[in-house]
Amino acid sequence: MKVSDTESSPAVPSLSRRGFLQSATAIAAGIAATAAAPTSAGAAGRAALPTMPADGPQNLLLRMQGDVQRAMGKPIAERRWAMAIDLRKCIGCSACTIACVAENKLPPGVVYRPVIEEEVGEYPHVSRKFIPRPCMQCENPPCVPVCPVKATYARPDGIVEIDYKACIGCRYCITACPYGARTADFGEFYTDGTPKREAYETQPSHEYGQPWTRDGKRSPAGNARKCHFCVHRLEAGMLPACVTTCVGYATFFGDMNDPESLIHEMAGKPNIMRLKEELGTKPRVFYLT
Amino acid sequence: MTEHTENRRTFIKTGALLGGSAAAASQVPGLLTRLGAAEAGGYLSPQGDYPLARPENVLYSVCQQCNTQCGIKVKIEDGVVAKIDGNPYSPWNMMPHVPYRTPIMQTATVDGLLCPKGHAAIQTTYDPYRLVRVLKRAGKRGENKWVSIAFDQAVTEIAEGGLLFKNVPGEESRVVEGLKDLRAIRDPKVMKELAGDAKKVAHKEMPLAEFRQKHAAQLRHLIDSSHPDMGPRNNQFVFMWGRLKGGRGELIRRFTEAGMGSTNAHGHTTVCQGSLYFTGKAMSEQFVYDDKDKKMKWTKGSKFYWQGDQQSAEFMLFVGASPLEGNYGPTNRASRIARRVADGDLRIAVVDPRASKTAAKAWKWVPIKPGGEGAMAFGMMRWILEQQRYDARYLANANKGAAKADGEPTWCNATWLVKIEKGQPGAFLRASEIGLPKEQRTQRDKKTGEETAYEFDPFVVMKDGRPVAFDPYSEKTPVEGDLLVTTEVNKVPVKSGLQILWEQASAKSVEEWAALAGIKAADIVELAREFTSHGKRAVADIHRGVSQHTNGFYQVFAWYTLNLLIGNYDWKGGMAKAATYDAAGGKTEKVKQADGTEVEWAQPYPVNKIEGRLDPFGVSVIRHGDKYEDTTLFAGYPAKRPWFPLASDIYQEIIPSIGDAYPYPAKALFIYMGSPVYALPAGHTNIEVLTDVKRLPLVVANDIVIGETSMYADYIFPDLTNLERWEFAGSHPNMVWKVQPVRQPVIAPIPETVKVFGQEMPISLESMLLGLAEKLGLPGFGPNGFGAGKPYTHPDHLYLRMVANLAAGEKSTGALPDASAEEMRIFLESRRHLPKAVFDPERWKQVAGASLWPKVVYLLNRGGRFDDFAKGYDGDLLKNKYGTLVNLYQEKTAKTKNSMTGKPFSGVATHLPSPADALGRSLDDERAGFDLRLITYREIMHTKSRTAANYWLLALLPENSLLMNRKDADRRGLKDGDRVRVFSASNPDGAWDFKNGKSRPIVGRLKVVQGIRPGVVAYSLGHGHWAYGAGDVVIDGQTVKGDARRGAGIHANAALRVDPVIKNTTLSDLTGGSAVFYDTQVKVARA
Amino acid sequence: MLKASKLLIPLLVVAMGFGVVGLWDRLAYGKAHLAFGSYVPWGLWVGLYIYLVGVSGGAFLLAFLHHGLGIAALRRVARYAVPVALASLGAGLTLVLLDLGQMGRFWYLFVRSSPSSLLAWMVWVYTIYSLVLLAMLVAMARENRAALKWLAFAGFALVVTFGGGEGALFGVLGSKPFWNSGILPVRFLFSAFLSGAALVTFAMVLFRRWPADAEAEAAGVFLRRLLLALLALNIVLEFAEISVTLYTGLPAVVEAYRLVMFGPYWWVFWVVQLALGLVVPVLLLASPAGARPAVIGLAGLLIAIGYAGSKQNLVLPGLAIPEFRTLPEAFVHARLTVTYFPSATEWYLAVGIVAAAALAFVVAIEVLPFLKNHEEWGAAKRASRRLAA
Ligand SMILES: Nc1nc2c(c(=O)[nH]1)N[C@H]1C(S)=C(S)[C@@H](COP(=O)(O)OP(=O)(O)OC[C@H]3O[C@@H](n4cnc5c(=O)[nH]c(N)nc54)[C@H](O)[C@@H]3O)O[C@H]1N2
Ligand SMILES: Nc1nc2c(c(=O)[nH]1)N[C@H]1C(S)=C(S)[C@@H](COP(=O)(O)OP(=O)(O)OC[C@H]3O[C@@H](n4cnc5c(=O)[nH]c(N)nc54)[C@H](O)[C@@H]3O)O[C@H]1N2
Ligand code: SF4
Ligand code: SF4
Ligand code: SF4
Ligand code: SF4
Ligand code: SF4
Ligand SMILES: [Mo]
């Protein structure tokens, strides 16, 4: 399936209470259909997830991974990925930043999920605030319509994707993003200027489920790049890399169309907010404060 | 302004020397790993599978970027590490971790958490500056001119010695003694006899003349025949290390002690958190029978420490500890703390001069005055004792029986009566001293079956005003005592331990203690109230900020005593200790058989049993474990350099002591995975000795790159990084599960492959030591290294035995299940990229034994052995217990003297002012205008040396800063971003002098913040490198350009205070051995 | 050959040499040696591109005034205006082409055009506009007045479209408060008129090959008044913009203006943009000396330079305010900063391409007969047409 329209699909749930209820029916249908519905490539023949003893504390990662696998059993248009980041739990370790760099083989100058830090208060009443900033996968993404070659678009599941094979690298989308979430790949290597280019730098990145081998000229060099909720991992029934590595267990992920999912639960907390709400971009990344 | 001047493709040809022939060797055709990855098509339909999700591309091992030793899940593509994630089987990396029995097929897609350094470890291994061949010095020490030489040449030269540096100007005629010369005594029997008689001489039980006569033939093998207790010349071989874990630990001791016969094998404990360990040791000493001395004494104290159980505590008070940035560690602790704090299950408070990231999550941040931690603990103790908010029931238990009756796994000696000798608390009162009988006991020797009679003189408590004698370990006769006792028994003035503590605590008011700590009395009270409001689920968790002061031992003692007041040891949510599965083997069990007979079950491979081993003797170069007074070197007080009777692994003493030839000169120094020059406070003092070929004739380093210390070596052997090698990583005190993470090779080795004992293996610590052992013919190595017909000719011979021990377990019922056929297949397939030199299933199987082999596979498939989550607790108690006496009063310590002052150490926690010099005199550099206190700390994304090579992490923090409070900056007219220089009384030039004609000013960027106590400035660890690929080196005549990115930032260790008495080493804690990081006053000026 | 041409050609050739070096670097090393990055994704080239395209439009305005609206005084001016418009358009488009991350895919702009993207529309507009310009050259060569008139109107419509569109390209970005304004397209259009007219004025004076006759004088008077009027209009628009946006007090906008006026490149605003580009030309043109061709020419040059600066001052500060204040410290790289100064490669190529465009213009007016000897050429053409008839 190839999606070329630049609008997000009408199935996008609004983040009102009503939206949640509406999507509940969709989910019920999705679950029922799991067995019969055409499963995604990664879902086929997948081993069951480990089972945790019932009496211990909940393993949030496994629960969310289950949520992901359930969602992947549905047709793409019925999933609506979202992320929530609990700022009270975020310890500002930047493990997510680096896990993402490693997972996606990001070159120098490209970053998908920096963690922004600020000091608050005055001595001796001081604290520090940490705000991880992935791509918001805006429901109303300003980065999309500006692209002159339709190289970036919202998928039916809400992920705003960049087609590395189509992007001409004009960087208009970069200026259009109000979150600074897009960065340009200038084709560099971390070991530039050292005695040796290391093997890990030319290994393929598996973004969007395809091997992108790096030589500094070929795409995604020369392209705009950004977080894609690790679609390639979702396809394999895995959680995004920043979620699994999150040292504070501060990052939640799942299908907003699934009322059973942990993300659905998180999005209903009273302390939820979104960044630059006033711009009307409708981010699919929430923050708990 | 931005400028991009780096050359994209500067492939400097450095021969096969740097960065590895590696890549080619370690890559297998991509086909295997990218099965089905066809040409790309539409973007929404991924092409083929995601290779990193397949179990065949996953290997479990252990991180070592920092010392937390997390479990890792290494994903491999085409033989290259593609990604590292957390091991979901490891309790470090998933909360709760998945059940151990989960088949690896089910965990392939399950990733555990990992800190940023863990992810970036890829760049430590794949580092363009890594060494792949042996380097030999071609210029002066430290000049950084090298030639690469063959492994065999290096081994031969080091073993045999000779005119090794005749090409270096000034060293044309310098003959270097080889290791064969230093291995003076080779006969274990001779060694034993000498050891016994030397001890007699030291204890004045044998006249020196008699010794000399008796051992005339051996005198030339002694370092100093008039001081036989210094030991044989073998001791002039010194092996020092930084980070060392199981497996390699066994190897190094086997080589140094059993093989070379040297007593000088020393680690880095004191630079790390020394006094935590040695207070732990002193508090865990037990009064039991000693096999060697054949009598009862305080012994078996273990070098360990306690931390809080963050999985279950309700309140944690972190003092000088930052589990969200450093500590053990950013993964297992931080994940639990962050989650539980936000969920309202845990409340934390942080006592730290700096608003750490841990403080960012705290209910209360107390910016204490550095060094005031002990005073604060006493303030809290005073309030708690006064308000009687302590656990009286716990403290009253004098022995095991009483503790047991209360359901307490531990007990302490708060009630035991201590004699007041000359006004000072001294030894415990004994039954015989008040006319009660001693017990006559016998001890049966396990091996010989021989029975030895000995006496036990019971201890005494006061119970309801009457003395009661007791055995601390008696379960049959529970004894409780009165808590606060001051009295005379048989005219002997005595006090209970708690009374002595109370006198310490009540010497000052809460306000006075608060003033000493530079904090508010109200904070002390509030924290004390909170601390005593959660039963046993509160804990004061301390770390380097408490221990690395000149009064470190007593500060740690005070905080551990505070924990004793609520009796939280071994309780869920209280004080915990590490529990590890034994890999070294040797555990035995009597197993009753069906017919009622007993058979002995034993772990299969006791690897530390070494036939023909030497048992070294003599005072060590760092003078540890011996009392100054009990040696022939005793010459009144102060000693020339301090002695450390209660501590070991005194890192800061190794090289400076060699420099001073006290207690004796050394001839050869091996340095493994440690960088004292960089890591030690005032580490620059080591350079002076390292560059002096007279005082230190031979220096051999084992390193992965040319580091800040290895640059001064004569030879550098490349090593394998953690992704290429074996180790048994152990655990940390806050880990409540019993574990043993196993580090194993997950990629092909990057250094060259060589032949030792006829076997192929990569250049590494192992091949270096095996190669030397082969040349020297050391016992414990070679075809019969593990006993007749059992070779130790390949690293695997040791490590697979150790894995087999783990797989067999510690009990007859402890064996692991066998790997299934599918797991066996994956085991082999996932190692398809490993060369035979490191992975040979036949060799492995043969070493492990056919019956254990499937269990070994099971274990290696999971990266170690980990107890399941449910096994962490035992009801409200910890499952893995300390379970014995905790010394609130340390008799052994009270009976030990400070070698510099001649005064006895205090047996109870006490407040000592800091900073103090080696003579205990207060230092007051502030008066000389050094108006700021300099401290240091960890950033989550960096560690000492390795992360300087991690470009991903450098992007997070390319340059560290000197943190300063806004008020201090304003007062000095300094602005954020200014470049500033740091000066101290012992470094008035504010510079590192590398003694190679180069120097570097101690300059860094100023960061003006609110989150630091005014009057204190701080820099983080891990930046400001000048070696480790940051500077230029010449190899085989070619210059290898350094990478400026690796050298950015400030490393102010050279500004840290040199002890004014000892003069060539840092300030130290003479009781606990800590090297001192936080007691230096500095001046800061615009650079 | 004109003296000015003789003097300039070697200079321009040398300048193009820099361009060759820059081009080699760009092709051999990709984008490694370019100083812009991700938080400042557009640099000197994009600023120069919008300026040059604006110049093209402004130059065209003069051609339109003559060919379209029949203002006779601009007869000679119109002859130079068209090649100026073509050369500057070419230079501008070359710069954006070089700026693309995947240069080889530039043709996707035509085959994958996105209807929602202003940029995609602009590409089409430029393409048609460049065809119009070429057609005008042909029509000029043929002295086809009817065609010229049609083309002038068509071209002018395109100029207004892209002149405003240029501004809209920036103005629509809600992400960049500094740009995000309704006046921006209008401002762009009129600043384009001004800078283009100014540059052509300068060219008229520099490459004068006609007598100081009444026609020349009339042209001078017209240009002087036009420039003054456009200057006044621009001042009003800019004032409106600044006061309106500053009044809203959006911190990012205030910060951007602070940067423009007091940041590290304060001199661009005060010296280049304000003093050279505005105050001095106004004084020159308004003073009695303003009647002298040389003075008008100088004023034109100054305005052209000043507006080049003003375009840089629009693009860069808009980007210099990070989306989140401490974002650049979260992950540090030279391409993830908001400070920017063009690299050598960028300068080389910018200089080289502008020089190439100038050279193209000089060569055109020296070589193409209908531009070179246009007084005679016109007469000859008319004669030959008469003959044919
Ligand atoms: N300013 C400041 N200094 C500190 C501290 C601080 O908080 N602030 N903390 C102190 C503490 S807690 C500690 S534990 C010490 C640690 O101090 P050390 O134990 O001396 O450790 P490193 O400085 O990491 O030195 C490691 C050396 O080993 C090399 N190396 C790295 N990996 C390997 C390997 O795999 N094999 C081999 N053979 N070599 C390897 C490195 O190149 C380097 O030369 O630092 C202390 N120094
Ligand atoms: N990221 C990272 N983590 C690591 C390591 C690493 O290198 N990097 N190394 C590991 C090792 S080897 C160790 S030993 C542990 C160390 O773990 P910790 O001891 O927890 O870490 P440190 O940062 O050395 O010191 C802890 C805190 O003490 C504070 N401090 C400094 N001076 C004083 C003082 O005078 N008084 C008080 N109260 N506090 C003070 C510092 O600001 C810091 O926040 O970390 C381990 N974990
Ligand atoms: S955050 Fe930025 S890049 Fe991501 S969808 Fe929104 S506008 Fe686009
Ligand atoms: S950089 Fe690529 S994705 Fe972004 S607007 Fe340009 S072509 Fe589209
Ligand atoms: S979801 Fe994936 S791509 Fe996005 S920030 Fe997380 S790790 Fe990076
Ligand atoms: S990994 Fe989690 S805790 Fe760490 S910075 Fe990222 S979001 Fe915060
Ligand atoms: S805390 Fe980080 S660096 Fe340390 S061992 Fe764990 S993953 Fe490695
Ligand atoms: Mo440490």
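This is a predicted model: local features need pLDDT of at least 70, side-chain atom pairs count only at pLDDT 80 or more; totals for chains, interfaces and linings use all residues.
## Legends to the close-up views

**Cysteines of chain A.** A:Cys100 is buried, its relative accessible area being 7% (buried means under 20%, exposed over 50% and partly exposed in between, with a 1.4 Å probe and protein chains only). Residues are numbered from 1 along each chain as its sequence is written, and chains are lettered from A and ligands numbered from 1 in the order in which they are written. A:Cys147 is likewise buried, with a relative accessible area of 7%. Across all chains, a search of the whole structure gives 0 disulfides (pairs of cysteine sulfur atoms within 2.5 Å).

**Ligand 6 is surrounded by 14 residues.** The closest of them are A:Cys90, A:Cys93, A:Ser94, A:Cys96 and A:Cys246. The shell around ligand 6 divides into 9 nonpolar, 4 polar and 1 charged residues.

**Ligand 7 has residues of chain B around it.** Sorted by class, the residues around ligand 7 are 6 nonpolar, 4 polar and 1 charged.

**A salt bridge joins A:Lys74 to A:Asp255.** The closest N and O atoms of the two residues are 2.6 Å apart (a salt bridge is a side-chain nitrogen of Lys or Arg within 4 Å of a carboxyl oxygen of Asp or Glu). This pair links distant parts of the chain, 181 residues apart: A:Lys74 is in the loop between α2 (60-72) and β1 (81-86) of chain A, and A:Asp255 is in strand β8 (residues 251-255). Helices (H or I, at least four residues) and strands (E, at least two) are DSSP runs, numbered from the N terminus. A:Lys74 is buried, at 2% relative accessible area, and A:Asp255 is buried too, at 0%. The structure as a whole holds 113 salt bridges over all chains.

**Salt bridges also occur in chain B and chain C.** The side chains of B:Lys495 and B:Glu503 meet at 2.8 Å, N to O. B:Lys495 is buried, with a relative accessible area of 17%, whereas B:Glu503 is partly exposed, with 31%. In chain C, the salt bridge between C:Glu255 and C:Arg258 has an N to O distance of 3.1 Å. Both residues belong to helix α9 (residues 251-262) of chain C, where they lie 3 residues apart, about one turn of the helix. C:Glu255 is partly exposed at 31% relative accessibility, and C:Arg258 is partly exposed at 39%.

**A network of salt bridges contains residues of chains A and B.** From chain A come A:Glu103 and A:Arg233. From chain B come B:Lys73, B:Lys75, B:Lys83, B:Asp85 and B:Asp111.

**Chain C carries a nonpolar surface patch of about 640 Å².** Its members are C:Leu97, C:Phe106, C:Trp107, C:Phe110, C:Val111, C:Trp124 and C:Ile128. Helices α4 (108-111) and α5 (118-142) of chain C are the elements giving two or more residues to the patch. Patches are made of residues with over 30% relative accessible area and no salt bridge: like charges are joined within 9 Å, nonpolar side chains (Val, Leu, Ile, Met, Phe, Trp, Tyr) within 5 Å. Accessible areas come from the Shrake-Rupley method with a 1.4 Å probe; for residues, only the protein chains shown count as cover. C:Trp124 is placed in helix α5 and is partly exposed, with a relative accessible area of 36%.

**B:Asn960 lies in a loop of chain B.** This loop runs between α29 (951-956) and β42 (961-965). B:Asn960 is buried, with a relative accessible area of 1%. Its C-alpha atom is 8.7 Å from that of B:His1051, 91 residues apart along the chain.

Terms used:
Side-chain values use heavy atoms; hydrogens and water are left out. A residue is near a molecule or strand if one of its heavy atoms lies within 4 Å of it. Ala, Val, Leu, Ile, Met, Phe, Trp, Tyr, Cys and Pro count as nonpolar, Asp, Glu, Lys and Arg as charged, and the others, Gly among them, as polar.
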